[in-house]
Amino acid sequence: MLKIEKTLQSVRDLLDRLGKEGVEFALTESEYSDCIADIRDPNEVYVFLECSIRPNGTFIWRDYDNHKGVCDFDEFRVRIITLTADEYLDKAKDKRKQWASLCDGTDTPMPDSLAAVVSDMEDKANRLKALLEPDDPPLLDGRDTAILKELKPYGVVKPAEESQRLRELGVLERRYYLDQVFDALTDKGEKALEFALHVRRV
């Protein structure tokens with residue numbers, strides 16, 4: 001089987017799995033002459049402004065936050081799951097904020113129908129994140145990417161709260177050598193930084 005055939009089958013399997021969680025991406029014939037297929041967003045969430053598969057099996061994408069990148073299937077899998085889950089969490093957060101605004105900040109319970117909608121969004125996000133593998137890296141923002149890139153050998157991330165947050169994220173670990181204490185990238189951190197370096201601002 002050719003690499004592109006394996007990639008397309010992997011994409012179909014992934015989209016089918018997402019579909020079982022109620023997220024219906026579509027794999028279509030590409031509008032671009034240099035690509036094999038396009039991936040279209042579901043109606044209810046905005047993940048990729050554009051996403052296409054090239055003949056060599058790589059993915060070229062652009063999101064709604066003015067980022068673009070080229071990646072392989074493994075990175076694409078992490079990216080589509082994480083971004084879609086985050087989109088549902090953001091929509092749920094917006095619903096909560098809208099209700100709080102309507103109530104002038106008073107602690108008024110949401111009506112059952114709205115609470116059910118918000119709960120469904122949050123549950124869907126959690127089910128999507130559960131599809132990630134234990135060694136899948138998080139998607140870093142620009143600030144975290146800069147921190148990890150600037151980390152020197154035997155250096156410590158400062159302030160301490162940032163070091164702790166990145167360790168909890170799984171991308172840093174605290175190490176000890178003789179009388180030295182320092183922060184170092186984990187395997188997950190190395191992979192997260194590699195993914196981040198594939199992204200460019202449009």
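Start with the strands: select residues 26-29, which are strand S1, and then S2, and you'll see an antiparallel pair held over four bridges. (Strands here are DSSP E runs of at least two residues, helices are H or I runs of at least four, and both are numbered from the N terminus; two strands pair if DSSP finds at least two bridges between them.) A quick housekeeping note: this is a predicted model, where local features need pLDDT of at least 70, side-chain atom pairs count only at pLDDT 80 or more, and totals for chains, interfaces and linings use all residues. Residues are numbered from 1 along each chain as its sequence is written, and side-chain values use heavy atoms, with hydrogens and water left out.

Now click Ala37 in S2: Glu29 stands opposite this residue. Ala37 also stands opposite Ile53 in S3, and S2 and S3 run antiparallel, joined by two bridges.

Next stop, the largest nonpolar core, with 31 residues; show Leu18, Phe76 and Ile80, which have the most contacts inside it. (Such a core is a set of buried Ala, Val, Leu, Ile, Met, Phe, Trp, Tyr and Cys residues joined through side-chain atoms within 4.5 Å; buried means under 20% relative accessible area with a 1.4 Å probe, protein chains only.) Color H2 (73-102) while you're here, among the elements that give two or more residues to this core; H2 gives the most, with seven.

What is Phe76 in contact with, leaving aside neighbours within four places in sequence? Select Leu14, Ile39, Phe48, Cys51, Phe59 and Cys71, where contact means heavy atoms within 4.5 Å. Then jump to Leu140, Ile147, Val171 and Leu172, which belong to a second, separate core of twelve residues.

(On a 1 Å grid over the protein atoms alone, a pocket is an open set of points where a 1.4 Å probe fits, with protein on both sides within 12 Å along at least five of seven lines; lining residues have an atom within 4 Å of a point. Volume is the space filled by probe spheres set on the points, which are joined across faces, edges and corners.) The largest pocket holds about 900 Å³ of space. Of its 33 lining residues, His67, Leu83, Leu139, Leu140 and Asp141 are the closest to the centre. H2 gives the most to this lining, with six residues.

Last, select Tyr32, Trp61 and Lys68, among the residues lining the second largest pocket, which has about 150 Å³ of space.

Technical notes. Buried means under 20% relative accessible area, exposed over 50%, partly exposed in between (1.4 Å probe, protein chains only).
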